[in-house]
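User: I would like to learn how to read the packing features of a protein chain. Please take me through one.

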Amino acid sequence: MGLAPKDVRGGAVDWHPPRPKPAYQAYLPRARLDTFRRNVLARVQVLDSGAFPGTSASNRPRTFNNRSNGLTLFARYSPTQDLFTSRLQDSMANFPKLVEDIIQTSINTGPRGAVRLAQGVQAVIGVGSEWLADVSKLTSSTNSSTGLPTQLQLGLLSPLYLRRLFERMGATYIKLGQFIASAPTLFPSEYVQEFQNCFDRAPAVPFEEIQKILREELGRPIESVYEYVDPTPIASASIAQVHGAKLRGSQEDVVIKVLKPGIEDILVADLNFVYVVARILEFLNPELNRASLVGIVKDIKESMLEEVDFNKEAMNIESFRRYLESMGLTRQATAPRVYPQCSSQRILTMERLYGVPLTDLDSISSLVSSPETSLITALNVWFGSLLACDSFHADVHAGNLWLLRDGRIGFLDFGIVGRISPKTWAAMEVFLASIAAEEYESMASALIEMGATNKDVDSKAFARDLEKIFSSIQDLDTEIVVAAARETNTNATAVSANLVVDERQMNALFLDVVRVSESYGLRFPREFALLMKQLLYFDRYTRLLAPNLNMLQDQRISIVSNRSSSNRNIYQ
């Protein structure tokens, strides 16, 4: 017989068929039950939507034929409830794995985790005191009814105070902050901009401790390897410090990069903590799994551990030197030679190069007759390494890119390198060519090809937005500081110029591109961010050393994938 629903309201049905044989319900598979529920809902929605011609809400049919074979069903089907149930079941299924990961990570961390926890508490208290002082100062000097600025309302989670906390926490978090600054495709722009100021500075380790590390790593007396080691470091950062030295026998000038004591333990403890936090966040909010939060943390961990393994840095340097040799570029550029017999995972002995940063215009002019030619050489060597070398230098700020006394370009510090796929570089080439030609539709197409997205992109609208951004690139300020000094003996005036690189302005342009791209659903690989950052560095060098040069259009600069031997004359 026909069965009629008692009520129909927005697809929910209270339906009471005759009492079934209870045994049938127990044996009905869940998949069939779910399918049946959906079929009931679909049929009721058809009846309620006026699908029958000539019917109205008052006279449309209210019955449908379906005989019960002994199934009790209250068909108030709720997609939201079903989704919640599904997520809860998935979470419960993943819970044992989460606990296992936390326990295993804790075991791997060991006692050092407790030490870092105490240091972390101390850092939080310190930055928290700064925040309270700032709040107190503001509330005492202004009308309290206006409320606190957003920066202060967020407390230690605000970009400013989080950056200060990272700096207090030391090596791992400074590197994490620098990763945030170089990955605008992954983090909010306010944090990316603030972490541009995350400085890697740290007090020097006493020379006695450096000597102890040298003895342990060399396995023999220091005097048998080095004629002299300068006790005053050339530089000191959170992970390592650098000392000048002279090799015994050959008397060659070298620098020794020494990993600071205890850094490996700190990194392992900190990165394990960050990993556990990421796992818990993904467990509590499965949506973060789509953003691959744990995957990002694993990438950060791998990158940081590579940076404290000087064997890896030595391999990066040797790879770059082989590239220079294979392309016949050793007369135009170089990287420091590594001395493997006095290097290890914790110490790196390298040839000492003498030169000046590419931002020191006065010194550069005294070394070469054409600063523009030197810049073109640096550009061609770097562009060539993108595909012809295993990795490319991904940190060409002025401290790592020098003009040497012999006129060659020196590439220093290969702790941060990038690797680019041919597909990404092919899209990047089109992107760069489009910037030069101001062809914004081609630029949009290249970015769409490069970015991961799961939806259709309106390329014409995207191109119009890009045009608005790049039309402002010529308005970027370049501040050149000019200093004059008069020689007392000759009464001649020496004028020197130096470039003040506005990191915030450089990154604001890139962030605009990323922000607009993300509004169209695009997410770029991190290698794109690394490439763009280096191009912005080179753009600033161009403004100082060759203001009339267009590095994307000049025929002397090769930005192509085909780097055959026929193209070598561009470096001469």
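This is a predicted model: local features need pLDDT of at least 70, side-chain atom pairs count only at pLDDT 80 or more; totals for chains, interfaces and linings use all residues.

User: How many helices and strands are in the chain?

Analyst: Helices (H or I, at least four residues) and strands (E, at least two) are DSSP runs, numbered from the N terminus. The chain has 20 helices and 15 strands. Of its 572 residues, 43% are buried, where buried means under 20% relative accessible area, exposed over 50% and partly exposed in between (1.4 Å probe, protein chains only). A contact means heavy atoms within 4.5 Å. Among contacts with a separation of 6 or more, 67% join residues 24 or more positions apart.

User: Which residues touch the most other members of the largest nonpolar core?

Analyst: In soluble globular proteins, nonpolar side chains tend to be buried together. A nonpolar core is a set of buried Ala, Val, Leu, Ile, Met, Phe, Trp, Tyr and Cys residues joined through side-chain atoms within 4.5 Å. The largest one here has 114 residues, and Trp382, Phe383, Met428, Phe431 and Phe538 touch the most other members. Helix α20 (residues 526-545) gives the largest share, twelve residues. At least three residues come from each of domain 1 (92-133 + 151-198 + 265-306) and domain 2 (421-524), with bounds from an automatic or database domain assignment. Leaving aside residues up to four places away in sequence, Phe538 touches Leu375, Ala378, Leu379, Trp382, Val396, Leu401 and Met551. A second, separate core has 18 residues, including Ile213 and Tyr226.

User: At what angle do α15 and α20 pack?

Analyst: Two packed helices are described by the angle between their axes and the distance between the axes. Axes are lines fitted to C-alpha atoms, for helices over the stretch in contact, and angles run from 0 to 180 degrees between N-to-C directions. Helix α15 (residues 371-388) and α20 pack at about 170°, with axes 10 Å apart. α15 is therefore roughly antiparallel to α20; angles under 35 degrees count as roughly parallel, over 145 as roughly antiparallel, 65 to 115 as roughly perpendicular and the rest as oblique. Residues making this contact include Leu375 and Trp382 of α15, and Leu535 and Phe538 of α20.

User: How are α6 and α7 oriented to each other?

Analyst: Helix α6 (residues 159-169) and helix α7 (residues 171-181) pack at about 140°, with axes 5 Å apart, so they are oblique to each other. Phe166, Glu167 and Met169 of α6 meet residues of α7 that include Tyr173 and Ile180. Eight of the eleven residues of α6 are buried, so α6 is largely enclosed by the rest of the structure. Gly170, which follows α6, has a positive phi near 95°.

User: Is Pro111 buried or exposed?

Analyst: Pro111 counts as exposed because its relative accessibility is 72%. Pro111 is in the loop between α3 (79-109) and α4 (112-141). The C-alpha atoms of Pro111 and Asp265 are 10.0 Å apart, although 154 residues separate them along the chain.

User: Where is Ser471?

Analyst: Ser471 is in the loop between α18 and β14 (479-486). With 46% relative accessibility, Ser471 counts as partly exposed.

Conventions:
Residues are numbered from 1 along each chain as its sequence is written. Side-chain values use heavy atoms; hydrogens and water are left out.
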